[in-house]
Amino acid sequence: MRRNALACIAFAALIVELAAQTAAPPRFQVDPLWPKPLPNHWLFGSITGVAVDAQDRIWVVHRGGDSLNARTEMSAATKPPTADACCVPAPQILAFDESGALVANFGGPGAGYDWPRSPGGIAIDAKGNVWIAAAAAAQAPPTGRDAPKVDPATLAKADSHVVKFSPDGKFLLQIGRAQSPAGNDSKTGLNRPAALDVDPAANELYVADGFGNRRIVVFDAETGAYKRHWGAYGAPPDDADPGAYDPSAPPSKQFRAVSCVRIAKDGLVYVCDRRNDRIQVFQKNGTFVKEAFVSKTTMGDGSVWDIAFSRDPKQQFLFVADGQDQKVFVLRRDTLEIVSTVGGGGRWPGAFYGVGSVAVDSKGNLFTGENLEGKRVQKFVRR
Amino acid sequence: MARRRDVAIGMAFAVAIAGLAIAERAFERVAAQDRSALQAPKFEVDPLWPKPLPNNWVLGQVIGLAVDSRDHVWIVHRANLLPANEAAADQKPPIASCCSAAPPVLEFDPAGNVVNHWGGPGEGYDWPESNHGITIDHKENVWIGGNVGTDAHVLKFTRSGKFLAQYGRKGKNAGSNDMENFGRPAKIFVDAKTNEAYIADGYGNRRVVVIDADTGKFKRYWGAYGNKPDDTDIGRYNPSAPPAQQFRTPVHCADLSVDGLVYVCDRPNDRLQLFKPDGTFVKEVFIARNTLGDGSTWDVAFSRDPQQKYLYLADGKNEKIYILQRDTLQILTSIGDGGRQPGQFFGVHSIGTDSKGNIFTTETYEGRRVQKFVYKGIGPVTKMDQGTVWPSK
């Protein structure tokens with residue numbers, strides 16, 4: 001009797017195991033009417049980060065006026081305005097509920113911190129605090145026939161910090177000083193950090209550092225104290241420029257544009273090595289585990305822009321936003337094999353231009369943010 | 001004599017009194033007619049029209065739209081001006097698996113499928129540096145203009161894309177009184193009754209030109225208020241200055257209504273001017289008169305009832321479509337707002353209607369879409385600005 005019961009349990013377990021092994025990739029359908037239209041003639045700028053919090057609110061960070069055309073796009077925000085009705089940049093941090101209603105908005109300069117000249121990614125930690133990376137490149141001198149002569153010393157340097165806010169936008173912590181780009185060995189500074197994630201288990205902040213540096217760097221999420229860092233394959237990062245990506249060359253020993261870092265529940269750390277068209281996987285201590293190439297022939301901005309995990313207990317699938325090929329790849333997380341894709345190029349619902357951010361809610365719905373001239377956040381309903 | 005004068009005065013007085021009474025009644029009618037009593041066509045966007053384009057195609061700036069007798073929607077877009085990172089599959093070598101520029105001219109069936117496509121340089125004609133405006137005439141021929149640099153001509157093709165005629169010679173525009181060439185023509189309208197083509201001319205010139213649609217021979221042309229056009233630079237538009245006596249470039253549309261009025265988009269002047277087909281000025285109306293820069297009057301389309309009771313006006317600066325009552329030129333309401341979601345606009349540029357009364361729009365700049373707004377009948381106006389008109393979920 002007891003043996004039968006055990007056999008039964010074993011059989012049931014086997015079924016579950018088989019089901020797990022053969023789970024079909026999730027399928028999605030775009031919701032063209034999400035989120036609801038923004039109030040006040042607000043516009044999204046280029047979207048650089050999307051995250052979902054514990055209440056399934058969708059948080060979005062975008063570049064605002066920095067990425068909007070003053071002549072044609074934010075005509076109601078210029079001085080003098082050139083149109084009465086439209087449009088003005090929305091506050092740079094926005095949160096939406098599941099219905100698509102705007103439930104929070106803040107952002108901009110304030111006391112005690114440096115607002116990014118241009119933001120990178122966004123993360124919401126277990127306490128609901130909002131982290132953003134400051135990812136702007138150094139200010140370019142004005143160009144063109146009528147460009148004024150500018151003293152190079154007055155041009156802004158690259159962004160080089162991350163900022164933490166409470167859910168209602170109160171400043172809490174800044175790591176790194178603004179416009180003080182630091183090298184790959186710095187324990188206090190950053191260089192164009194692109195994205196971040198918080199490990200609730202250790203209360204550590206992981207920073208993808210980034211567009212200027214070539215490393216993952218870990219800080220105490222409470223104090224901002226430096227903990228550790230590493231480069232590609234877990235080796236020390238190198239400040240030397242590895243040059244342009246060549247798909248036929250041996251895999252690069254250094255990262256090229258570290259655009260995301262995501263920590264899975266099983267403790268594996270997934271890193272977007274964007275211009276190398278690859279994902280590298282590490283343990284939390286920086287030990288290299290494995291890598292996988294995605295659309296290896298992609299040139300330009302590269303293929304691996306952001307990563308999110310499916311919401312089943314085992315996080316069986318990985319979603320990879322590819323803003324150069326204009327799609328989201330669905331990968332099996334165990335094998336890193338591509339099993340499906342979502343999207344295509346275009347400006348209509350379900351199509352992308354510069355899809356660079358991806359996140360998943362508790363129901364398994366997928367949210368994307370488009371950078372460049374995409375400038376949308378979209379919802380793909382899990383079917 | 002004295003008596004006769006008295007009678008004349010009395011009559012004049014009576015006429016004046018009667019006139020006053022009529023005016024007063026009219027005034028009362030208008031006063032009583034609060035906005036909720038106004039009726040206007042209603043629309044909601046179809047967020048899933050058209051269908052996704054085949055072949056990883058993407059659109060450049062969509063700067064022309066026409067609807068033909070089969071309710072097929074034609075667009076023309078700037079395929080040649082897509083950035084490398086967007087037309088990434090077209091680069092040599094390719095940057096990525098997506099995307100490729102769609103051919104410049106696309107024809108959609110009513111369901112939103114691409115059913116034909118063509119365009120680009122070919123034998124016997126000069127493809128524009130920057131194509132602009134598309135129309136399909138009563139003989140099923142397709143016309144396009146061009147609005148950059150040397151574009152001084154319009155082209156006519158069969159609906160399958162076979163070249164038929166070029167009117168005007170590339171690079172030969174001699175100004176707003178040239179009788180053979182155009183100055184970066186923006187849009188063409190063909191009058192089936194007279195077989196005349198009305199050209200909004202344009203980005204370089206300051207006039208409307210009427211040509212024979214079969215021979216291209218210039219028949220007549222005129223400037224603002226029916227004046228002889230003058231290419232003297234009149235500076236930037238100033239809303240508080242007296243109305244300009246010349247069009248400001250671009251003259252962006254010239255469309256003829258069923259009752260024989262030519263509606264001209266004097267875009268940076270924020271106005272429509274109305275003319276008889278012979279160029280006699282009839283009246284003008286200002287729209288969003290404080291709008292600077294690109295201006296507010298981008299393109300017009302007529303409602304599809306027999307009288308064309310309503311006028312739809314695209315404003316790519318304020319990002320909306322105004323719905324006007326055509327006889328009074330009163331703005332009844334507007335739809336649309338800025339943004340990248342369905343029913344929103346970035347640079348709403350061209351507008352057309354199909355036989356069912358649906359509106360189609362295109363967007364230039366980084367909007368780069370064609371959208372469909374489904375006609376939902378006539379109903380009371382509840383808001384001056386309706387904003388984004390979505391179907392209920």
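## A four-stranded sheet in chain A

Chain A of this predicted model holds an open sheet of four strands, in the order β8-β9-β10-β11. Its pairing is antiparallel. Strands here are DSSP runs of E with at least two residues, numbered from the N terminus. Two strands pair if DSSP finds at least two bridges between them.

Which strands stand at the edges? They are β8 (119–124) and β11 (171–175) of chain A. Each has a single partner strand, so one side of each is left without a neighbour in the sheet. From one strand to the next, the twist averages 20°. Such angles run from 0 to 180 degrees between N-to-C directions, with axes fitted to C-alpha atoms.

Look next at β9 (residues 130–134) and β10 (residues 161–165) of chain A. Five bridges pair them in the antiparallel sense. A:W131 has A:K164 in β10(A) as its bridge partner.

## A four-stranded sheet in chain B

Chain B has an open, antiparallel sheet of four strands, ordered β16-β17-β18-β19. Its edge strands are β16 (251–256) and β19 (281–286), and each pairs on one side only. The twist averages 20° from one strand to the next.

Strand β18 (residues 271–275) of chain B runs antiparallel to β19(B), joined by five bridges. B:Q273 stands opposite B:E284 in β19(B).

Two cis peptide bonds come up here. One joins A:C86 and A:C87, with omega about -5°. A:C87 lies in the loop between β4 (58–62) and β5 (88–89) of chain A. Another runs from A:D209 to A:G210, with omega near -10°. A:G210 sits in the loop between β13 (204–209) and β14 (215–220) of chain A.

A:S295 is not a glycine, yet its phi is positive, about 50°. Its loop lies between β19 (288–293) and β20 (306–309) of chain A. Is A:S295 buried or exposed? It is buried (20 or more other C-beta atoms within 10 Å of its own), because it has 22.

A:L372 also has a positive phi of about 50° without being a glycine. It is found in the loop between β25 (366–370) and β26 (377–382) of chain A. With 19 other C-beta atoms within 10 Å, A:L372 is partly exposed, a class between buried and exposed (12 or fewer).

## Where the chains meet

The contact takes 35 residues from chain A and 40 residues from chain B. Residues are in contact if their C-beta atoms, placed from the backbone, lie within 7 Å.

## Reading the model

Residues are numbered from 1 along each chain as its sequence is written, while chains are lettered from A and ligands numbered from 1 in the order in which they are written. In this predicted model, local features need pLDDT of at least 70 and side-chain atom pairs count only at pLDDT 80 or more, but totals for chains, interfaces and linings use all residues.

Note on methods
Contact = placed C-beta atoms within 7 Å.
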